[in-house]
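Please take a moment with the sequence and the model before reading on. We will walk through them together, one part at a time.

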Amino acid sequence: MSSEYILQMKNVTKRFPGVVALSDVSISLKKGEVLAICGENGAGKSTLMKILSGSYTSREYEGEIWIDGKKTDFSSVAVAEANGIEMVYQELNVMLDASLAENIYVGNLPMKGKFVDYKKLYSDTRAMLDKVGLELDPRQRVRGLNSGQMQMISIARALSKHPRIIVLDEPTSSLTDKETNILMDTIDTLRREGVSLLFISHKLDEIFRIADRVVVMRDGSVIATEAVSDVTEDQLVEAMIGRTIDNLYPKAAAPIGGEVLRVEHLTVPHPSNKGQNIVEDISFSLRKGEILGIGGLVGAGRSEVLSAIFGYITRGVTKRILIDGQEARIASPMDAIRSGMGYITEERKQTGYIWVHSVRENLTLACLKKLSRFGFIQKKQETDMAAEMFRMLDIRAPSLETMLVNLSGGNQQKVVVGKWLLSQPRILLIDEPTKGIDVGTKAEIYKIMNDLTHQGVSIIMVSSDMPELISMSDRCLVLSNRHITGEFTGTEITQENVMKAAIAS
Amino acid sequence: MSKENQKGKTLLRALLSKNELGALLPLVLLLIVVAFVNPNFFMRRNILDIMRTASFSFMVAMPLTFLLASQGLDLSVGAVTSLGGIICGMALKAGLPLPLAILCALLSGALVGTINGFFAIKSNLPVFIATLGTQYMVNGFIAITTNNVAISNFDTSFKQLSQYRLFGEVPMPILYAIILAIVGQIILSKTRFGREVLAIGGNKETAYLAGIKVNQRRMITFIATSVFSALAGVLTASRFACAQPAAGSGTELSIMAGVIIGGTSMFGGQATVIGSALGAILLATITNALILMNVSTLWQSFIYGFILIVALYVDKYRRKVLSGE
């Protein structure tokens, strides 16, 4: 007996140590339907995709997957492919120096005996390129294409396998408006041919334009499943954010003084999409003792803004920075530190600490100049300074000489914070202050931030953690689509306002 | 895990955290073995001979320790050693006074070091292949300028640089090496420069974000390595009273093996100058022991290669144990 549904996920729960990434999720997809899935950062969309692609085997989660009304064991990626499921990921995944044809038909080349049938390969590729609206030569190399075209190549690769179900993860994030239109038309054609699509997106206008039904996810659960025609944008936003904030965030507002930092006409090129900017001509200011939050979705350019201000990324960046009303030339982190800034990056391991060095060496890294006399590090002064910070931040490590690699994530973060406290900045840039650390340490980090603002330090904080952003910020900017799409103060900083601005275009 | 096992692990950790042990333990073992086979080994003359050989390697190994600590690499040190001797010899033959001739040699080293640094830092080329390229170019340059003919017949004053014996016993190169070892270890462990070099090797991005002049520091390590290689070349020429076009060829890998086995990590961030000195002594002892034990010198290459691989394994394993995996 054939089922109305081509794909059903029934009561899927996926646990990671300490977190439930998906909790009792059920989703069903009809033949020839476009089903949109939307939700905030961390709602569980990526985990859901990994389960569907077979990246997690059926033993690693609870729940069942049914194809055509039959229970199917998704034990590997091969099973997903055999059932006609193709994934198109957000991160581009192409071979830059292979031809378009080889990229599209990789692993699936048409053969004549033992040799590749190039004639058929190129004519098949031509047909696929037409389908996605690319007027390019099948023989040309991928290198040199823009990211929108590369995204289309990835979609063509999925189409070439004649799938029954296509999963698209944020497919338009690197596309221009024109390319988005072509993609929408392609999706429409596929739907009429009977292909089913899962369309993961947080762009509501696209969802309303192309999807038949929409699933809203939040914190690993399905909150709502509605026909698109039955809901309004406001209802979707509400469903995406409706969460109560617990009292983990002891914000203690400090007196706010005059302007200390002014950023004018900041433009930062996109890190991967050639020729595009991730933020364009934005301006804002920061006042003494203030915590300025920066919200927005992943990929909105929040981290890039901090890196550009600090002089960590400079290529293609245009900016004018004023500190205390004086223009400051910041061409490198060295300049920024000299101007009284500190920068706690998001990726601790890559850019925050040195894993084979001790707690002491990590803590004093940004103030070695102060600690040195005639080029020699003053050993006693260094140890005293590090020991004081060690006590003050209550870093849990056997000793000051323990290597960072042996510390927990929360304690590593404390060391990184301590490093910047020792450099005594007046302006502290913090990217995701509590990413991947435990609840107890989180509260301690917030307390440090409060103490700092009371001492007159100003903070710019990027955060994807909505409750954190809302309760810690005195003022909050939201970035979306290259611009500042919202600025909220005090009680205006609500989940609803921030979320609406974050998905605005 | 059983208690003994746990205890064993702690002991292993304590041993491995003393980086220098990588060289010290094999050295002691070797000495014991050789002492049984050939008691002549411990004659004063032989010991001084080993130390002198080690001193020449160590002059290159010292700055190379800093270079490896910053995650750099230089395969052109052997060629630059030859170059230093040749340039100095040519300058002397052209009638330049000795100090100026030495300066010319050091400057030629500085030039090669700058080129290596430029490739690695500004152009971001893979340093292994790029310095291999400079190695060939420098060797080619030597071949062209000397027609592969050694330069000899030097004044006594030049020969005294290496051949003079302090108290009639200790060859000068040993004294030079001891001074270098002390100064090098102090710079590495006590100065801001040393700390910054280690930080760059440990995590270049973190170091840069902390306001460290990463490019400048790396450039200095490249230039220092080449300058000291050239100096080693000058002293080698002095020792043999002859500047040979191939004086340093093939030494780069054994010197690097000595540094690594001495406890400096190929992955950067951890280094010890004293360890590099022990490593140089170990390799010189092995060569010497092979001769005293009547093993054909043809085995040398093989054994050096083998030691280099062993050194890499020790380095890798050390990091694994220290990171608690």
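Two strands are said to pair if DSSP finds at least two bridges between them. Helices (H or I, at least four residues) and strands (E, at least two) are themselves DSSP runs, numbered from the N terminus. What you are looking at is a predicted model, in which local features need pLDDT of at least 70, side-chain atom pairs count only at pLDDT 80 or more, and totals for chains, interfaces and linings use all residues. Residues are numbered from 1 along each chain as its sequence is written, while chains are lettered from A and ligands numbered from 1 in the order in which they are written.

Strand β1 (residues 5–16) of chain A is joined to strand β4 (residues 62–67) of chain A by five bridges, and the two run antiparallel. Within this pairing, M9(A) sits opposite I65(A) of β4(A). β4(A) also pairs with strand β5 (residues 70–72) of chain A, again in the antiparallel sense, over three bridges. Here W66(A) has K71(A) in β5(A) as its bridge partner. The hairpin formed by β4(A) and β5(A) has two residues between the strands, and D68(A) takes a positive phi near 50° there.

Further along chain A you will find an open sheet of four strands, with antiparallel pairing and the order β14-β13-β16-β17. Its edge strands, each pairing on one side only, are β14 (277–287) and β17 (326–328) of chain A.

Stepping back, chain A is divided into domain 1 (5–92 + 163–241) and domain 2 (289–314 + 322–502), with bounds that come from an automatic or database domain assignment. The centres of these two domains of chain A, taken over C-alpha atoms, are separated by 35 Å. Nine residues of domain 1 of chain A are in contact (C-beta atoms, placed from the backbone, within 7 Å) with nine residues of domain 2 of chain A.

Now turn to chain B, whose secondary structure comes to 14 helices and four strands. Its radius of gyration (taken over C-alpha atoms) is 20 Å, close to the 20 Å that the globule rule (2.2 Å times the number of residues to the power 0.38) gives for 325 residues, so chain B is as compact as a globular protein of that length. The C-alpha trace of chain B spans about 70 × 55 × 35 Å along its principal axes.

Finally, how many residues does each chain bring to the contact between them? Chain B gives 21 residues and chain A gives 23 residues. On the side of chain B that touches chain A, the elements giving two or more residues are α9 (192–202) and α10 (204–209) of chain B. The largest share of that side, six residues, comes from α9(B).

Terms used
Contact = placed C-beta atoms within 7 Å.
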